[in-house]
Amino acid sequence: MSNLKSQMVLPPIADKKMQAWIRSRHLIFSGQFLIFETLDYPTVERFEECIISLGGCLISVEPTKRVWMGNHRQVILYQAKGSLHTPHHELRQYWFKYGSFQTRFDERV
């Protein structure tokens with residue numbers, strides 16, 4: 001995807017970004033996987049950089065649906081799936097405390 005050699009994120013910075021995405025409901029845990037949803041593809045690339053920095057990997061990125069922005073514009077919602085190779089990573093504990101089981105784009109009530 002992106003040129004990670006020139007844009008490597010340090011683990012403490014990656015951890016803080018991931019925590020912010022958990023609080024904003026862009027990032028959730030589903031089973032053993034991280035699910036990240038955003039309308040901005042460069043943010044998917046930043047997610048990939050962060051997950052690699054923390055010892056994980058990006059598994060897939062898929063456009064899931066179109067979302068209306070105002071009355072005249074639709075944008076693509078991207079869903080990225082990743083995995084951290086450490087099963088009891090501290091981010092999971094952070095997600096239990098501050099996160100949600102649904103992303104901000106989930107339409108279920």
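1. Start with L91. Leaving aside residues up to four places away in sequence, L91 touches D15, M18, Q19, I22, F29, L54 and L84. This residue sits in helix α3. L91 is buried, with a relative accessible area of 1%. Keep in mind that the model is predicted.

2. Along the chain, L91 and I22 are 69 residues apart.

3. Now take the two helices as a pair. Helix α1 covers residues 11-23, and helix α3 covers residues 90-98. Their axes come within 10 Å and cross at roughly 25°. Angles under 35 degrees count as roughly parallel, so α1 is roughly parallel to α3. The crossing of α1 past α3 is right-handed.

4. Which residues make the contact between α1 and α3? From α1 come D15, M18, Q19, I22 and R23. From α3 come E90, L91, Y94, W95 and Y98. Sorted by class, this contact has six nonpolar, one polar and three charged residues. Find L91 again in the α3 group. Its own contacts include D15, M18, Q19 and I22.

5. Turn to the aromatic rings. The model has eight aromatic pairs. One of them joins F29 and W95. Their ring centres are 5.5 Å apart, with 50° between the planes, and the pair is tilted. F29 belongs to strand β1 (residues 27-30), while W95 belongs to helix α3. The two are 66 residues apart, and the pair links distant parts of the chain.

6. Are F29 and W95 buried or exposed? F29 has 7% relative accessibility, so F29 counts as buried. W95 has 5%, so W95 counts as buried too. F29 also touches L91. The rings go beyond a pair: F29, W95, F96 and F101 form one aromatic cluster.

7. A second ring pair to check is Y94 with Y98. Their ring centres lie 4.6 Å apart and their planes meet at 40°, so this pair is tilted. Y94 and Y98 are four residues apart in helix α3, so about one helical turn separates them. Their exposure can be compared with the cut-offs. Buried means under 20% relative accessible area. Y94 has 16%, so Y94 is buried. Y98 has 42% relative accessibility, so Y98 counts as partly exposed. Both tyrosines also take part in the contact with α1.

8. Next, step back along the chain to H85. This residue lies in the loop between β4 (73-84) and α3. Exposed means over 50%. H85 has 52% relative accessibility, so H85 counts as exposed. Which residues does H85 touch, not counting residues up to four places away in sequence? They are G55, G56 and C57. H85 and G56 are 29 residues apart in sequence, yet their C-alpha atoms are 5.3 Å apart in space.

9. Finish beyond the helix, at T103. T103 is found in the segment after α3. At 4% relative accessibility, T103 counts as buried. Not counting residues up to four places away in sequence, T103 touches R25, H26, I28 and E37.

Note on methods:
Residues numbered from 1 in each chain as written. Predicted model: local features only at pLDDT ≥ 70, side-chain atom pairs only at ≥ 80, totals over all residues. Heavy atoms only, no water. Axes fitted to C-alpha atoms, helices over the stretch in contact; angles between N-to-C directions. Parallel < 35°, antiparallel > 145°, perpendicular 65-115°, else oblique. Left-handed = near helix turned anticlockwise from the far one by under 90°. Contact = heavy atoms within 4.5 Å. Nonpolar A, V, L, I, M, F, W, Y, C, P; charged D, E, K, R; others polar. Phe/Tyr/Trp six-rings, centres within 6.5 Å; stacked < 30°, edge-to-face > 60°. Buried < 20%, exposed > 50% of the residue type's maximum accessible area, 1.4 Å probe, protein only.
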